[in-house]
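This report examines selected features of a single protein chain. Please view the sequence and the structure together before reading on.

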Amino acid sequence: MIWSILIVGIILPQTLAHPGFFTSIGQMTDLIHTEKDLVTSLKDYIKAEEDKLEQIKKWAEKLDRLTSTATKDPEGFVGHPVNAFKLMKRLNTEWSELENLVLKDMSDGFISNLTIQRQYFPNDEDQVGAAKALLRLQDTYNLDTDTISKGNLPDPEHQRANGNLKYFEYIMAKEKDANKSASDDQSDTKTTSKKKGIAVDYLPERQKYEMLCRGEGIKMTPRRQKKLFCRYHDGNRNPKFILAPAKQEDEWDKPRIIRFHDIISDAEIEIVKDLAKPRLSRATVHDPETGKLTTAQYRVSKSAWLSGYENPVVSQLNMRIQDLTGLDVSTAEELQVANYGVGGQYEPHFDFARKDEPDAFKELGTGNRIATWLFYMSDVSAGGATVFPEVGASVWPKKGTAVFWYNLFASGEGDYSTRHAACPVLVGNKWVSNKWLHERGQEFRRPCTLSELE
């Protein structure tokens with residue numbers, strides 16, 4: 001793998017066309033077809049050179065036989081008038097033809113095709129971005145240099161299994177502690193604290209984020225977990241869901257994160273992706289200092305926005321979100337479709353605007369982002385979880401599902417526990433689409449409360 005990277009680094013010329021390939025796996029697949037076309041062209045060139053050499057070899061073999069015979073008795077050979085004529089003809093005409101054949105350039109077709117395709121090559125930014133992605137994956141998932149240089153990435157099932165093992169060990173330890181006396185408990189806690197050092201709660205956010213991405217650091221107690229349920233949801237007696245209710249699963253309690261299963265079909269996903277692909281561009285973030293949208297290294301993906309009027313499927317998805325959440329989508333932002341790139345991620349952030357960003361959504365005139373709806377449009381082999389470092393929640397991508405949470409309390413105050421991140425994609429191709437719902441239009445759908453934290 002290292003040699004492959006070095007060779008690509010040497011042969012790829014600098015170009016300014018189509019930057020940002022590394023930020024979208026979906027668009028990067030075009031490069032596979034480009035390289036395949038170049039390989040076909042290269043093989044055609046090799047075949048042409050081989051045919052040319054074959055002709056030259058035949059000339060050499062024929063002339064070798066003639067000269068071998070002629071040099072045995074030169075006078076006797078040219079004494080024959082036909083031999084004399086052929087010698088004159090070869091040296092005057094045929095050797096010139098051979099010279100032209102040797103000088104003939106067979107590479108024109110290949111070079112022409114290479115020149116055309118070069119405009120679609122990645123540039124230096126892509127190469128550096130992909131290299132940084134490898135380093136990011138190495139840091140986040142604790143991969144040693146030898147492992148990642150050889151391309152021996154961990155088995156996706158292993159990653160999940162390790163996370164589950166740690167969780168079950170945690171549960172067993174908690175149950176064991178519950179059977180001890182209070183004095184033993186206190187003693188054990190002090191001893192454990194000394195052995196483990198800083199508690200998970202007090203780790204820096206970056207460290208908690210990376211632990212959650214690896215499936216570690218799960219904090220929910222059995223008592224809290226018992227309060228999480230699966231249910232059928234009819235959207236408060238919505239006619240569309242009475243006979244075929246949606247399948248709901250509680251992913252987390254505070255903040256409440258709900259997953260809807262089988263909520264978007266494969267056919268709908270393909271239509272959304274087909275609509276988005278031609279428009280994908282580097283995802284941006286809001287710069288609080290300038291108030292403008294800008295690209296950032298902590299968000300590596302490409303996105304596109306789809307309006308409901310463009311396609312019936314987009315409109316249906318918007319209405320499905322409204323029916324299931326009970327919130328008005330007429331004031332929501334357009335459906336944003338995102339495809340993550342090499343090591344694609346979005347580091348911890350808030351979806352809502354804080355008090356120090358009063359003008360964040362001023363141009364929309366619809367208030368703050370009250371809630372987030374996130375469709376998972378692909379399975380991800382390894383990595384790519386949505387994590388909430390403040391509370392220790394990890395939500396893993398599953399094609400056809402969606403997750404929903406409120407960013408604001410009913411009082412309108414921001415819920416800081418909803419700070420979340422998209423973990424780097426270790427292996428696979430991650431497609432998501434999200435809908436940010438705003439405050440305007442929700443006055444009677446989600447009435448305000450007097451308490452700030454309700």
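Is Leu101 buried or exposed? With a relative accessibility of 15%, Leu101 counts as buried, because buried means under 20% relative accessible area. The model discussed here is predicted.

## Contacts across the sequence

Leu101 belongs to helix α4, which covers residues 81-103. Leu101 and Lys52 are separated by 49 residues in sequence, yet their C-alpha atoms are 7.4 Å apart in space.

A second pair can be described in the same terms. Asn123 sits in the loop between α5 (108-118) and α6 (124-140), and at 9% relative accessibility Asn123 counts as buried. In sequence, 102 residues separate Asn123 from Phe21, while the C-alpha to C-alpha distance is 8.6 Å.

## Helix α14

How many residues of α14 are buried? Ten of the 14 residues are buried, so the helix is mostly covered. Among them are Val313, Val314, Leu317 and Ile321; the buried residues also include Asn318, Arg320, Gln322 and Asp323.

The length of helix α14 (residues 312-325) can be checked by simple reasoning. At 1.5 Å a residue, its 14 residues should span 20 Å. The C-alpha atoms at the ends of α14 are 20 Å apart, which agrees with that expectation.

## Salt bridges

Side chains of opposite charge can pair when their charged atoms come close. The structure holds 21 salt bridges. One of these joins the side chains of Asp266 and Lys399, with an N to O distance of 3.8 Å. This pair links distant parts of the chain: Asp266 is in helix α13 (residues 266-276), whereas Lys399 is in the loop between β13 (393-395) and β14 (402-406), 133 residues apart. Asp266 is partly exposed, with a relative accessible area of 49%, and Lys399 also counts as partly exposed, at 31% relative accessibility.

Glu413 and Lys355 form another salt bridge through their side chains, at 3.3 Å from N to O. Here too the pair links distant parts of the chain, 58 residues apart: Glu413 lies in the loop between β14 and β15 (420-422), and Lys355 in the loop between β9 (346-349) and β10 (369-376). Glu413 counts as partly exposed at 23% relative accessibility, whereas Lys355 counts as exposed at 67%. Arg354 forms a salt bridge with Glu357, and the closest N and O atoms of this pair are 3.0 Å apart. Arg354 is partly exposed at 21% relative accessibility, while Glu357 is buried, with a relative accessible area of 14%.

## A patch of positive charge

Which residues gather in a patch of positive charge on the surface? They are Arg223, Lys226, Lys227 and Lys254. Arg223 is located in helix α11 (residues 222-225). Arg223 has a relative accessible area of 68% and is therefore exposed, because exposed means over 50%.

## Backbone features

Most residues other than glycine have a negative phi, and most peptide bonds are trans. The following residues may be read against that background.

Lys254, a member of the charged patch, is joined to Pro255 by a cis peptide bond, with omega near 0°. Pro255 has its place in the loop between β2 (246-252) and β3 (257-261).

Where is Arg237 found? Arg237 is in the loop between β1 (230-233) and α12 (239-242). Its phi is near 65°, a positive value in a residue other than glycine. Arg237 is exposed, with a relative accessible area of 58%. Asp262 likewise has a positive phi, of about 50°, although it is not a glycine. Asp262 lies in the loop between β3 and α13 and is exposed, with a relative accessible area of 55%.

Note on methods: Residues numbered from 1 in each chain as written. Predicted model: local features only at pLDDT ≥ 70, side-chain atom pairs only at ≥ 80, totals over all residues. Heavy atoms only, no water. Patch = residues over 30% accessible without salt bridge, like charges linked within 9 Å, V, L, I, M, F, W, Y side chains within 5 Å. Areas by Shrake-Rupley, 256 points an atom, 1.4 Å probe, with all protein chains shown as cover. Salt bridge = Lys/Arg side-chain N within 4 Å of Asp/Glu carboxyl O. Lys, Arg positive; Asp, Glu negative; His and termini not counted. Charge placed at Lys NZ, Arg CZ, Asp CG, Glu CD. Helix = DSSP H or I, 4+ residues; strand = E, 2+ residues; numbered from the N terminus. Buried < 20%, exposed > 50% of the residue type's maximum accessible area, 1.4 Å probe, protein only. Expected span 1.5 Å × (residues − 1).
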